[in-house]
Amino acid sequence: MSINVTRREFIKSAAAAAVGMSGPGLLRAASGSVKEFDLVIREGAVYDGRGGAGVKADVGIAGDTIRAVGRIPAERAAAVVEAKGLAVCPGFIDLHAHTDIELLVNPKAESSVRQGITTIISGNCGGSGCTVPDAVYEETVATLKEVYGLDLTWRDIKGFLGRLQQSGVAINYSTLVGHGDVRGTVIGYGDRAPTSKELETMAALVRQNLLDGAAGLSSGLEYTPGSFAGSDELVALCRVVAGMGGVYATHMRDEGDQLIEAIDETIGVARQSGVSVQISHLKTAYPRNWSKIDISLARIESAHRDGVKIFCDRYPYIAGATGLSYYFPQWAREGTTEDFIKRLQDRVREAEIREHLAEAEKSLGSWDKVLISDVVTEKNRPIEGKNILEAASAAGKEPYAFMRDLLIEEKGRVGMIIFIANEENLKKILAHPLVSVGTDGTALAPYGPLGQSKPHPRHYGTFPRVLGKYVREEKIVPLETMIRKMTSAAAEKFHFEKRGLVEPGCFADLVVFDPEKVIDRATWVDPHQYPSGIEYVLVNGQVVVERGEHTGRLPGRILRPLAKAAKS
């Protein structure tokens, strides 16, 4: 049922008050009387975020805060939204995002906020656009200018957050500092262990980033240069994070053949350092590893029972997405992009690379399981959305030569979507009490520079898909349980105070949605589509999505959850 506020209903509830419109869907009383609430959301099924069933109630908002939950006469409000037949719950918290530069390109965060997301945690998988090491500075400057027309005016998290705060943003933003960025800054992008002095410098840099606003540390142990780090290095850096109460989010060293070993390493790092750990996008990759799901979850549950602060996130799709360079050997990816391109052009070592990709193809079953999602040059734009076999055949090349040549032409900037997971395992993971929801995506829009390419549908559809397909249709958990996982459980993990709950005194980050209609609409062929059923989204008390449309407001805030620890 869509939100429907009629003029007659408002006049009836507000007695003789005059009524005027302020945008579609919100009715406001004329000036002349002071109202206790700026907005009241009336008669929705209110889910408090703690896991309780929905209760019919009104939610009264003043400023950026929820002031009352219960029965609130409409005449006490300056504006009223009728939510009868709809669910009202805390705004969703995206535990695993990669949004940074995109918010400077388009601060409206369209694909995120229209899902009901009111807060994101970015800087995952070991890197982000927030910190720019010297070795990649010139490359980053050129890329931002070429792709987005942006000037690089920051070098670290403090500078980036300052610029983001100045420009404004529609949703609340928090970020981790990437281990790969820290490593790249201190010792470069080579395959070697840090000296004791370098490790001290890395630890100091992590601490400084936490002081400057980072919520914790992330690692990308399948990507260079993070893949060159040993467990001892990770433990040393995580001790700094643990000492300040932050989170260590890890894209583990392996999600397929060595999955169990990677989980054991992650738990070991958490035990030795005392850090609160989060496994990023937990999955069992490739058919030969799908049977490892139960032992994987058992390992995580056992660690939790033993007192390890462990949590996970997952997106609701059986395909993942990353850069095409991922399938090339780590030694080939060592160093800068320029180094990688030179190795691709080196015919002396071509046989080694071919052999490595042949093994990757065995894991996949066929290169038709890999779609090209995005490129930079207009010349190669027609291959977006095609799988490797299709695109290679059209180019008159065998798959290896096609991938090599494409990466050279695009300077390594080729995105891919890979079908590697299993539907039944996905449902087990999403239903697990130690798993929350993360898009593993960025805030995009169907227009402008962010509307290019054929990205993974998760950028637009993650949270509505969980609610529609997996809760309403598959019934993997009750609605109230999933809402808790997507709100208060996530807020508690990252120490976001007064968020993730519908209670008096909490920030008014809220979603009003239709539980019978909410669903994702983004597809592999046409991913730039907003979901259905998300009617209203409020961020810090301001309406950002109204009847499914963006209002243009930018009330988001930079969240620095470790600020109190830093001051103490």
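Trp367 has a relative accessible area of 2% and is therefore buried (under 20% relative accessible area; exposed is over 50%, partly exposed in between, with a 1.4 Å probe and protein chains only). The model is predicted: local features need pLDDT of at least 70, side-chain atom pairs count only at pLDDT 80 or more, and totals for chains, interfaces and linings use all residues. Residues are numbered from 1 along each chain as its sequence is written, and side-chain values use heavy atoms, leaving out hydrogens and water.

Rings of Phe, Tyr and Trp (its six-membered ring) pair if their centres lie within 6.5 Å; planes under 30 degrees apart are stacked, over 60 edge-to-face and the rest tilted. The count by this rule is 12 aromatic pairs. One of them joins Tyr327 to Trp367 in an edge-to-face arrangement, with 5.6 Å between centres and 85° between planes. Tyr327 is likewise buried, at 4% relative accessibility. Together with Tyr223 and Tyr326, Tyr327 and Trp367 form one aromatic cluster.

A further pair involves Tyr460 and Tyr530: the centres are 5.8 Å apart and the planes meet at 50°, so this pair is tilted. Tyr460 is buried at 0% relative accessible area, and Tyr530 also counts as buried, at 17%.

Charged groups also sit over rings, a relation that requires NZ of Lys or CZ of Arg within 6 Å of the ring centre and within 35 degrees of the ring normal. Arg349 lies over the face of Trp331, 3.7 Å from the ring centre. The charged end of Arg458 is placed over the ring of Tyr315, at 4.6 Å from its centre.
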